[in-house]
Amino acid sequence: MLAEYDPRRNSVTVWGAAKIPHVNKKILAQLLGWNEEQVRLIELHVGGGFGARGEFYPEDFLIPFAAIRTGKPVAWVEDREENLRATNHSREQVHRCRMAVKKNGTFLALTDTFLNNTGAYVRTHGMTVPGLSVSMLPGPYRWPAYRGEYRSVVTNKTPGGTYRSPGRFEINLVRERLVDIAARRLGLDPVEVRRINLIGRESFPHDVGTLYDGHPVIYDSGDYPLLLDKALKSFDWEGMKRWREEPAAGALKRGVGIGYFVEKAGPAEREYARIELNEKGDVFVYTGSVSVGQGVETVLAQVCASHLGLPYERITVLHGDTETIPEGMGAFGSRATMLGGAAVMGASEALREQLLDAAAEELEAAPADLVLTPEGVSVAGAPSRMVPLSTLLKPHGGVLKVEDRFVCDLLGFPYGIHFAAVEVDPGSGAIHVRRFAVAYDVGRVVNPMLMEGQISGGFAQGIGGTLLEEFSFDASGQPLAASFMDYLLPTSEEVPDVEMLVTEDAPSPLNPLGVKGAGEGGTAAVGAAIANAVSDALGVEVTRLPLSPQRVMELAGA
Amino acid sequence: MKPALFEYDDPATVDAALDLLARYGDECKVLAGGQSLVPLMNFRLARPGRLIDINRIDSLAGIKREGRSLSIGAMTRHVDVERSEEVARGWPLLAEAIGWVGHSQIRNRGTVGGSVAHADPAAELPAAFAVLDAKFHIQSKRGARTLGWDQFFVAEFTTSLAPDELLISVEVPPIEAGTGLAFVEYARRHGDFALGGAAVMVNVARDGRCEKASIALLSAGPAPVRARNAEAMLAGRKLDEAAIGAAADEAVRDLHPTSDLHGSSEYRVKLLRTMTERGLRTAAERAAGKT
């Protein structure tokens, strides 16, 4: 991060924003007691967001403040130890939960009381995590009664915040383990117990009855039994169960497990887009969404191309500068394609309409009969009857600009299932994930390759949280995992291939694209599915993550 | 993540290096492949005032037969041992052990002498040399001496090398016919420091009885640990599951490995037992394949 004070304008420019530049601009201006016009934030490229990056951290105030006080540019350079010590930590929750279930497996009630560690003080996203946990614990099932309660406790650890699939990675473990435990005690098939309790297709929109951050949790669309059937078939669940029964090498023990989950996407309520078309046929898309390495530029250019009707190659997406883009909410909570995409779609359609209306008058033809190209607008089937863009854009000073603001108060709810097949080595505590598969319905897919990238990257992060990543502290509160030698991120050796089934059976009614965000479904139930598979392998009940080798060996009773 | 200030020399000959070591002694550290020393300096856990970089001294690198023994120069890179035909023919345990060292980038730069002189109790090569009863050839301006592995390794990151001494080469005795070798370890991630591991050598007679067993454990104590009692238990016995299990129990009986965030001492003892058992089993199978 670099901050520079401009005494001539009495303004400060900060490079290095990510995720939410406009939100942070507002916070910084408030803290400085300045007008927002005196503060400019510029986003820089980052390799990923991961959930913890980009919130308003203490240095986001201190560095601009130092630059203003000294009148000199001030840079913030953080080494890995400082980063691991001070970046938002997450996922420390302790749940006490119960479910009531009939002998035939029908769910009657669910109660949960949990503690959430928010660290030494409450940062910007300190309450986001437990709020998501308590409101989304019910998952994809019908519960005649649910009561959730939590206390967020302050401790002497690093403050808490979001980490990909925040609050849900935790509660998916809680709920999906509870379901497996219930099935085992009742002697029922865990998959069938899930099936008979899934919310039916006819029940959508389905009001869970909880609130997240003031938004009612109303599942917008879904066909949960259909996805289950498709996934069982596509991933050959019967074959996985047969594999489980075959003898494993040496002392290895085999287990299989699934985790069904509902994700959430959006909102932060609104997003901004502006499309500018010049005489040469170049299109510039200004968006309030930002890039955290997820490929949002590609997706928004695709949306613009298909709704404006000009070639993808002519479209440039610009983002992340609070001076050239008047407003924006950024990229978090799997929202950029949903809200940013819908705004770009709205602006693209409006621009096209304006252009074709003007051309229709010139050409004395119906707008529906016109074709837009980078050269101009012509009549379909009669390319010589063309009015060039320069003529059409002259009244607009050579550049036609159209803005759109897409507003949506409700959350979208993609849903999915994770499947895990593992071999556990009681002699070392190692867990070998032999197969992992993700079924995910996101309403509609804009770009299949980026969709796969989200799932595989999310899965890698899920493997980290399930098997490796842990911020340990000693008794005096010293952080022990202060380098990448001790804070163990998964590498390519630890992340097996992930099989995927992406479906589009339940488009979202909340936006014209029908999309739901796809950023977190690769992570959401990795812990749940692997914990279920390990419990199955060892005949024990896993109740804690990460599954370090020592914990696995203890569970195995070796 | 940047080192403290240091002086730097890169002598071209062993004599020049020994001159510098004699002059600066414990102010300086010898820089070989730098795969352990440089990270320690970047974390400022090590702050040597001077580095003697021996990468230019070509005579220190190389693998050659000396009589029936193998001689490995201190500056020989891990990758060259891993891929050596000489090693594969006579001392395959060394290549197997090096397969567990870090990642290929680390093995391309890391050296045999560096690993030995650094004396990390979790390192692979010290345990491999312990089970093979290797000797270490050392020089200083005061003269030359040779130490057995058990005299050389003293404690965690501590050897018998005096501040003015330089490790020149490692001498590995020949492996007799009818020998099975195995190196096993477990780490949380590929290439991480071992939570526990075992280097095993067994000689099996024609009648299937074990003539001699050697077991060296890594991450088991302050230095490589030879499980002498377990070795003695196996002498003269058939290497069946009962004998191997009993020897594995014995091998870890008095071990007190250090606890850390990746595993308690108790966990590590159990893991070492598993590693000993698996190492013995594999070595016995390989010996049986040879006889």
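This is a predicted model: local features need pLDDT of at least 70, side-chain atom pairs count only at pLDDT 80 or more; totals for chains, interfaces and linings use all residues.
Residues are numbered from 1 along each chain as its sequence is written, with chains lettered from A and ligands numbered from 1 in the order in which they are written.

**Domains of chain B**

Between the two domains, 14 residues of domain 1 of chain B are in contact with 21 residues of domain 2 of chain B; contact means that C-beta atoms, placed from the backbone, lie within 7 Å. On the domain 1 side, helix 1 (residues 14-24) of chain B gives the most, with 6 residues. Helices (H or I, at least four residues) and strands (E, at least two) are DSSP runs, numbered from the N terminus.

**A sheet in chain B**

Chain B has an open sheet of 4 strands in the order 11-12-13-14, with antiparallel pairing; a pair needs at least two bridges found by DSSP. Strand 11 (179-186) and strand 14 (225-226) of chain B are the edge strands, each pairing on one side only. Strand 13 (residues 210-218) and strand 14 of chain B run antiparallel and are joined by 2 bridges, and B:Leu217 stands opposite B:Val225 in strand 14. Helix 8 (residues 124-131) of chain B packs on the sheet, touching strand 11, strand 12 (196-204), strand 13 and strand 14 of chain B, and its direction makes about 160° with that of strand 13. Axes are lines fitted to C-alpha atoms, for helices over the stretch in contact, and angles run from 0 to 180 degrees between N-to-C directions.

**Helix packing in chain A**

Over in chain A, helix 1 (residues 21-32) and helix 2 (residues 58-70) pack at an angle of about 55°, with their axes 10 Å apart. That makes helix 1 of chain A oblique to helix 2 of chain A (under 35 degrees is roughly parallel, over 145 roughly antiparallel, 65 to 115 roughly perpendicular, and the rest oblique). A:Asn24, A:Leu28 and A:Leu31 in helix 1 of chain A meet A:Asp60, A:Phe61 and A:Pro64 in helix 2 of chain A. The residues of this contact comprise 4 nonpolar, 1 polar and 1 charged.

**Where the chains meet**

The contact takes 18 residues from chain A and 13 residues from chain B. Helix 14 (residues 549-556) gives the most to the chain A side, with 3 residues. By class, that side of chain A has 8 nonpolar, 5 polar and 5 charged residues.

Most residues other than glycine have a negative phi, and most peptide bonds are trans.

| Site | Value | Loop of chain A |
|---|---|---|
| A:Phe204 to A:Pro205 | cis, omega near -5° | A:Pro205: between helix 6 (190-197) and strand 8 (206-212) |
| A:Leu545 to A:Pro546 | cis, omega near -5° | A:Pro546: between helix 13 (526-538) and helix 14 |
| A:Lys19 | phi near 75° | A:Lys19: between strand 2 (11-17) and helix 1 |

Conventions
Ala, Val, Leu, Ile, Met, Phe, Trp, Tyr, Cys and Pro count as nonpolar, Asp, Glu, Lys and Arg as charged, and the others, Gly among them, as polar.
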